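Please read them with the structure open.

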Amino acid sequence: MASSKDKNNGMSQVTYEFPYMRQPEKKSLAKFIYNSEAGTFMERTPTSWAKILVFYAIFYTVLAALFAICLQVLFYTLTYEYPKWQLDRSLIGTNPGVGFRPISEDTTQGSLIWYKASDPASIKPWTDLLDDYLAPYRNKTQLAGGGKNQEICDYNSPPKPGRVCAVDMSDWGECTSENGYGFNKSAPCIFIKLNRIFNWVPDYYDDVNDLPEDMPEDLKEHIASVPEEKRKQVWISCQGEHPSDRESIGPLKYIPQRGMASYYYPFTNIPGYLSPLIAVHLERPSLNRVINIECRAWAKNIHYQGGRERTGSVHLELMID
């Protein structure tokens, strides 16, 4: 506060000055970086900078050490040989998904297989997809360990400990690369597989008197025709989803057989393991229309549900121009 006298009447005049009315001090970038008057760098003295740097160095060192200890404890509980959480305790669970090949790399095409049988350029993308997928089946050197752990198995000769069964594709008829997987003859082969679940063992439908009511009649007849000692298989059935699709799909042939044999299970992550495959040969499907197809896996411990929450089966569409 300051005072002064009025010359006219001799009275004192009081003038008030408040801190917030003062003009703020102008700061420059150079003075912010180094203030020679206060001896500061970016508004801190060298001593202050030294203290804060020592503090954060210790803080982050301790933080990194705690993080490294936590990771070490986590890695100690994990192994590359098998998952920590298996079957019912895992997120995957005990119900294997069913997949098919070829499947388009174009996500907008979804599960549709669409091509023109008279156009080699239209066929090639599909056969190339199958060639790539089946390459490890045809050439064992592409497998871990060069496929040295593989051996030929049958129901009387399951794989030895530490070994896996080979998938022999030498006699797959039309469903081979040499025959274009039947695509050029308007009779394509669709390959069906089960997704891998560590240590999962199927509960087989091997008793003809204990088959589910909704199982297709042709599959029931096929199971009855198989010798009892060879019925331990995960059976596969494919059919049109709707009555019109069943009329259009035509006869089907399953290669090399209609089920996935028990000696391929369980999957235990042994190097060289290949999932068993079944090629479904559509011998005379209708042309110039979309055929909706459902392929289902059959085992007592494979839960089936249709619709959007599909389990135990796979849906695909086929259209041949």
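1. Where is the place of Tyr 181? Tyr 181 sits in the loop between β8 (164–165) and β9. Strands (E, at least two residues) and helices (H or I, at least four residues) are DSSP runs, numbered from the N terminus. Tyr 181 has a positive phi of about 55°, although it is not a glycine. Most residues other than glycine have a negative phi, and most peptide bonds are trans.

2. Before going on, a word on the source. This is a predicted model, in which local features need pLDDT of at least 70 and side-chain atom pairs count only at pLDDT 80 or more, while totals for chains, interfaces and linings use all residues. Residues are numbered from 1 along each chain as its sequence is written, and side-chain values use heavy atoms, with hydrogens and water left out.

3. The chain averages a pLDDT (the predictor's confidence in each residue, from 0 to 100) of 87, and 89% of the residues score at least 70. Over residues 1–7 the pLDDT stays under 50. For residues 1–7 the model has 18 contacts (heavy atoms within 4.5 Å) beyond four places in sequence. Where pLDDT is low, the predicted coordinates should not be read in detail.

4. Two strands pair if DSSP finds at least two bridges between them. Axes here are lines fitted to C-alpha atoms, for helices over the stretch in contact, and angles run from 0 to 180 degrees between N-to-C directions.

5. Within that sheet, β14 and β15 (residues 313–320) run antiparallel and are joined by six bridges. Arg 296 has Ser 313 as its bridge partner in β15.

6. Another open sheet has four strands in the order β5-β9-β13-β11, with antiparallel pairing. Why is one side of β5 and of β11 left without a neighbour in the sheet? β5 (98–101) and β11 (252–255) stand at the edges and each has a single partner strand, so one side of each has no neighbour there. The twist averages 25° from one strand to the next.

7. In this sheet β9 (residues 189–194) pairs with β13 in the antiparallel sense over four bridges. Cys 189 stands opposite His 281 in β13. Helix α3 (residues 120–138) lies across β5 and β9, and runs at about 40° to β9.

8. Two peptide bonds deserve a look. The bond from Arg 101 to Pro 102 is cis, with omega near 5°, and Pro 102 is in the loop between β5 and β6. A cis bond also joins Ile 255 and Pro 256, with omega about 0°; Pro 256 lies in the loop between β11 and β12.

9. On a 1 Å grid over the protein atoms alone, a cavity is a set of points where a 1.4 Å probe fits but cannot get out, and a pocket is an open set with protein on both sides within 12 Å along at least five of seven lines; lining residues have an atom within 4 Å of a point. Grid points are joined across faces, edges and corners, and a volume is the space filled by probe spheres set on the points. The largest pocket holds about 430 Å³ of space. Of its 23 lining residues, the closest to the centre are Cys 153, Pro 256, Gln 257, Tyr 263 and Tyr 264. β12 gives the most to this lining, with three residues.

10. By this rule there are two cavities of 30 Å³ or more. The largest cavity has a volume of about 90 Å³, and its lining includes Arg 196, Trp 200 and Tyr 265. The second largest cavity holds about 30 Å³. β13 (278–282) and β14 (291–298) each supply at least two residues of the second cavity's lining, which includes Cys 238, Val 280 and Leu 316.
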